[in-house]
Amino acid sequence: MIKEIVKGKPSSRTEMLIYEPVSKKRPEKMINIFSAWRGLEIIIEDILVQFNIGRESCIEFGVEFGYSTVVLSNFFDKIIGIDTFEGDKHTFYRGGHFDKTKARLSIYENITLIKSDYQNWIPNDTNHYDFAHVDIVHDYKETYECGLWAAQNSDCAIFHDTESFPEVKRAVIDIANATGYRMFNYPFHFGLGILVNPNIMPLD
Ligand SMILES: C[S@@+](CC[C@H](N)C(=O)[O-])C[C@H]1O[C@@H](n2cnc3c(N)ncnc32)[C@H](O)[C@@H]1O
C-alpha cells in the first residue's frame, strides 16, 4: 500500500508519497562487499512489480564496488554501470579501481561496466531504459543533471541517499516537478527516491 506523506511546493504538480513494499525478497545473486546500499536489495523486485516496470534494460550511475549493480542484475536482461571508479568527496574509498571491480563482476554476464563520468556519457546515449539508478556524488547539481537525464530516459528512476543527503531529496523533488513524474520515497537505508514515468503511472 502506498500513502501520501508530503505535499510538494505550492507551485508543484507532484506530491512525494511514501513507498511501502508489499513483499520483500532477497535476490538470488548478491555480492558480499562494503556498501551503504545494503538493505535495499529486498525491495527492488517489489518496486518493479508495483510499478509494472519492464525487465529488459537498466542503467546505473554510481557503481563503486558493485553492490547495487549485482542486485539489479537479478532483474534485467542487461545492465550498464557507469562510474569514474575514482570515488568522490562523499565516498570513504578514493582512487582508481576499475580493473579490480570489472574483474570481480565479470562472472555476471549481463553486467557491462563503463569507466566514464555521467557528464561525458549522457550526451552520447539516446537509449530508453526500463529502469535507472542514480547514486553518484551527493550534490544537488550533479544529482539533478544526471537524474533528469535518467528519468527522461527510463520508465522508473531510483535515487539513493534521499534521507542522508537533503540535496539529493531536493534534486529528486525538482526533477519530479520538471518532468511530471510520480514521486515516492522509501525512508530506510539512507533513503531511496523513486520517480515513475507518467506513461507508466499517470498523475491524477
Ligand atoms: C555512493 S558510491 C556508489 C555506491 C554503489 N551504488 C553501491 O551499491 O555501493 C558513488 C559512486 O559514484 C561515482 N561518481 C561520483 N561522481 C560521478 C560522476 N560525475 N560520474 C560517474 N560516477 C561518479 C564515484 O566514483 C562512486 O563510485
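Biologist: Helices here are DSSP runs of H or I with at least four residues, strands are DSSP runs of E with at least two, and both are numbered from the N terminus. How many helices and strands are there in the protein chain?

Modeller: The protein chain has six helices and nine strands. This is a predicted model, in which local features need pLDDT of at least 70 and side-chain atom pairs count only at pLDDT 80 or more, while totals for chains, interfaces and linings use all residues. Residues are numbered from 1 along each chain as its sequence is written, and side-chain values use heavy atoms, with hydrogens and water left out.

Biologist: Where does methionine 201 lie?

Modeller: Methionine 201 is in the segment after β9. Its relative accessibility is 23%, so it counts as partly exposed. Leaving aside neighbours within four places in sequence, methionine 201 is in contact with Phe51, Arg182, Phe184 and Val196, where contact means heavy atoms within 4.5 Å. Threonine 91 is 110 residues away along the chain, and the two C-alpha atoms are separated by 34 Å.

Biologist: Back to β9 then. Why is it described as largely enclosed?

Modeller: Five of the five residues of β9, residues 192-196, are buried, so the rest of the structure largely encloses this strand. In a regular strand the side chains alternate between the two faces of the sheet. Both faces of β9 are covered, with Leu192, Ile194 and Val196 buried on one side and Gly193 and Leu195 buried on the other.

Biologist: Which strand pairs with β9 over five bridges and forms a hairpin with it?

Modeller: That is β8, residues 182-186, and the pairing with β9 is antiparallel. Two strands pair if DSSP finds at least two bridges between them. Phenylalanine 184 has isoleucine 194 in β9 as its bridge partner. The hairpin of β8 and β9 has five residues between the strands, and histidine 189 in the turn has a positive phi of about 55°.

Biologist: In what sense do β7 and β9 pair?

Modeller: They pair in the antiparallel sense over five bridges, with β7 covering residues 154-160. Histidine 160 stands opposite leucine 192 in β9.

Biologist: Phenylalanine 159 is in strand β7. Buried or exposed?

Modeller: Phenylalanine 159 has 1% relative accessibility, so it counts as buried. Not counting residues up to four places away in sequence, its contacts include Val134, Thr143, Leu192 and Leu195. Threonine 143 is 16 residues from phenylalanine 159 in sequence, and the C-alpha atoms are 8.5 Å apart.

Biologist: What about β6, which strand joins it by four bridges?

Modeller: β3, residues 57-61, does, and the two run parallel. Glutamate 60 stands opposite histidine 133 in β6. β6 also pairs with β7, in the parallel sense over five bridges, and phenylalanine 131 has cysteine 156 in β7 as its bridge partner. Six of the six residues of β6, residues 129-134, are buried, so the rest of the structure largely encloses this strand too.

Biologist: New topic. What phi does phenylalanine 85 have?

Modeller: Phenylalanine 85 has a positive phi of about 55° although it is not a glycine. Most residues other than glycine have a negative phi. Phenylalanine 85 lies in the loop between β4 (78-83) and α3 (98-105), and at 0% relative accessibility it counts as buried.

Biologist: And where does aspartate 161 lie?

Modeller: Aspartate 161 is in the loop between β7 and α6 (166-179). Its phi is positive, about 80°, although it is not a glycine. At 7% relative accessibility, aspartate 161 counts as buried.

How values were computed:
Buried means under 20% relative accessible area, exposed over 50%, partly exposed in between (1.4 Å probe, protein chains only).
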